[in-house]
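The following exercises are to be worked with the sequence and the coordinates at hand. Each task is followed by a solution in steps.

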Amino acid sequence: MMDSATFTDTLIQTRAQWDALIAQIDEQWMLEPGVEGKWSVKDIIAHILWNELEMVPLIQTRSLIGSDLWELPQDERNEAVYQLYRDTPLSDILSQEREAYAQLLQEARTLSDEELNDPRRFKDMPDSEGWIPWRIIAGCSFTHYPDHMTSIKEWLAQRM
């Protein structure tokens, strides 16, 4: 069971770690491919941006809504998101991602303990194993950041 205070605190703390890591990286370096496969740090930030943006309307509407890209296998979805943001300037990606996180945090603060733990509180969310609202949202935010932080740290260590 996840309570709303712990959920919000974990989101804020994990995000602070993400922000601290990103702040260490020169903007020119953010454009270099090869951090994760062909992805640059910019591409990873865009990937995080997309995931956070997907959670905002889910929370606002308390409904399992989102992009049709969710219907694709993960690798295909990730490639589609990469293509979507590939030509977006770094400055736009950085500002859009900060705004997406701010929206996500604002919306996350509206969730009750019951809403975080009961899929029946979200329209069209399956009431089955793995479909716990807080886990879905965390998977696109505070449990997602560390997945990419490891790769970024390893890449950054090679550059130093």
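A residue is called buried under 20% relative accessible area, exposed over 50%, and partly exposed in between. The model is predicted.

**Exercise 1.** Determine how α1 and α2 are oriented relative to each other.

*Solution.* 
Step 1. The two axes come within 12 Å and cross at roughly 155 degrees.
Step 2. Angles over 145 degrees count as roughly antiparallel. Therefore α1 is roughly antiparallel to α2.
Step 3. The crossing of α1 and α2 has a left-handed sense.
Step 4. On the α1 side, Arg15, Trp18 and Ile22 take part in the contact; they meet Val41, Ile44, Ile45, Ile48 and Glu52 of α2.

**Exercise 2.** Compare the span of α7 with the expected value, then identify its buried residues and what covers them.

*Solution.* 
Step 1. Helix α7 comprises 15 residues, 145-159. From first to last C-alpha it reaches 21 Å, close to the 21 Å expected at 1.5 Å a residue.
Step 2. Tyr145, His148, Met149, Ser151, Ile152, Trp155 and Leu156 are buried in α7.
Step 3. The cover over these buried residues includes α1 (4-23), α2 (41-61) and α4 (90-108).

How values were computed:
Residues are numbered from 1 along each chain as its sequence is written. This is a predicted model: local features need pLDDT of at least 70, side-chain atom pairs count only at pLDDT 80 or more; totals for chains, interfaces and linings use all residues. Side-chain values use heavy atoms; hydrogens and water are left out. Helices (H or I, at least four residues) and strands (E, at least two) are DSSP runs, numbered from the N terminus. The expected span of a helix is 1.5 Å times one less than its number of residues. Buried means under 20% relative accessible area, exposed over 50%, partly exposed in between (1.4 Å probe, protein chains only). Contact means heavy atoms within 4.5 Å. Axes are lines fitted to C-alpha atoms, for helices over the stretch in contact, and angles run from 0 to 180 degrees between N-to-C directions. Angles under 35 degrees count as roughly parallel, over 145 as roughly antiparallel, 65 to 115 as roughly perpendicular and the rest as oblique. A crossing is left-handed if the near helix is turned anticlockwise from the far one by less than a right angle, and right-handed if clockwise.
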